[in-house]
Amino acid sequence: MSIDAAQLEADGWHRIVAVNYTAALGPTWMRVKDGAVEVGLQAQEHLGNDNLGIVHGGALLTFADIAFGCAVGHANGMKSNFVTAQLQFHFTAAARTGQFIICKPEVVRMTSSLAFVRGLIESEGRTVASADGMFKFLDAAKSASMDRR
């Protein structure tokens, strides 16, 4: 089921500003509902496996990485930059192109240097994947050495 931008905004979603690789995924949305982060993706045709009408697994994996990053950023108040250190992904069903896919990531634990996240990816009310990940917080010097702006 495709949802238009006006309906998403009316439901409390806001568009995530994306550049570079992240922008290639297409329109990604986020909202905080009852204190929990939810991230959504309108699965456009360019995300499909050739000739199958289902979303490519790499696109779902990228979406999970983005969703988990949103949850980590929300949990740490964007106080530091971080990178994905590990991401484990399990496919359970296919998501069709044209559907609105939602991830509800949960930050399970945060230390001074790591965040642990898990979540389910759902489409049309059914689970299409589960994932868990670990994110590494970067200290200011490391972060500055990576900044290309």
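These are my notes on what I looked up in a predicted model of one protein chain.

**Ground rules**

I number residues from 1 along each chain as its sequence is written, and I use heavy atoms for side-chain values, with hydrogens and water left out. Because the model is predicted, I ask for pLDDT of at least 70 for local features and 80 or more for side-chain atom pairs, while totals for chains, interfaces and linings use all residues.

**Entry 1: overall layout**

I counted secondary structure first. The protein chain has 4 helices and 8 strands, taking helices (H or I, at least four residues) and strands (E, at least two) as DSSP runs numbered from the N terminus. Along the sequence I read the order as α-β-α-β-β-α-β-β-β-β-β-α. The radius of gyration is 15 Å, close to the 15 Å of the globule rule for 149 residues, so the chain is as compact as a globular protein of that length. I took this radius over C-alpha atoms, and the globule rule is 2.2 Å times the number of residues to the power 0.38. The C-alpha trace spans about 45 × 30 × 30 Å along its principal axes.

I then looked at surface and contacts. The accessible surface comes to about 8400 Å², and 52% of it belongs to carbon and sulfur atoms; the areas are from the Shrake-Rupley method with a 1.4 Å probe, and for residues only the protein chains shown count as cover. Of the 149 residues, 38% count as buried. Here buried means under 20% relative accessible area, exposed over 50%, and partly exposed in between (1.4 Å probe, protein chains only). Among contacts (heavy atoms within 4.5 Å) with a separation of 6 or more, 58% join residues 24 or more positions apart.

**Entry 2: the core**

Which residues touch the most other members of the largest nonpolar core? I found Val39, Val55, Phe63, Ile101 and Ile121, in a core of 31 residues. At least two residues of this core come from each of strand S3 (36-42), helix H3 (57-75), strand S4 (82-91), strand S5 (100-103), strand S7 (114-123) and strand S8 (126-137). H3 gives the largest share, 9 residues. A nonpolar core here is a set of buried Ala, Val, Leu, Ile, Met, Phe, Trp, Tyr and Cys residues joined through side-chain atoms within 4.5 Å.

I followed valine 55 further. Leaving aside neighbours within four places in sequence, valine 55 is in contact with Ala43, Leu47, Gly48, Asn49, Leu60, Ala95, Arg96, Thr97 and Ile101.

**Entry 3: arginine 31**

Arginine 31 sits in strand S2 (residues 28-33). Beyond four places in sequence, arginine 31 is in contact with Asp11, Gly12, Trp13, Ala36, Val37 and Glu38.

**Entry 4: cysteines**

How many disulfides are there? I count 0 disulfides, the rule being a pair of cysteine sulfur atoms within 2.5 Å. Cysteine 70 is in no disulfide. The sulfur of cysteine 103 is 9.3 Å from its closest cysteine sulfur, in cysteine 70, which is too far for a bond. Cysteine 70 is buried at 14% relative accessibility, and cysteine 103 is buried at 0%.

**Entry 5: two positive phi values**

I noted two asparagines. Asparagine 20, in helix H2 (residues 20-25), has a positive phi of about 55° although it is not a glycine. Asparagine 51, in the loop between S3 and H3, has a positive phi near 65°. Asparagine 20 is exposed at 70% relative accessible area, and asparagine 51 is exposed at 81%.

Glutamine 86 lies in strand S4 and is partly exposed at 28%. Its C-alpha is 5.3 Å from that of glycine 133, 47 residues away in sequence. Apart from neighbours within four places, glutamine 86 is in contact with Asp132, Gly133 and Met134.

Lysine 142, in helix H4 (residues 140-146), is partly exposed at 46%.
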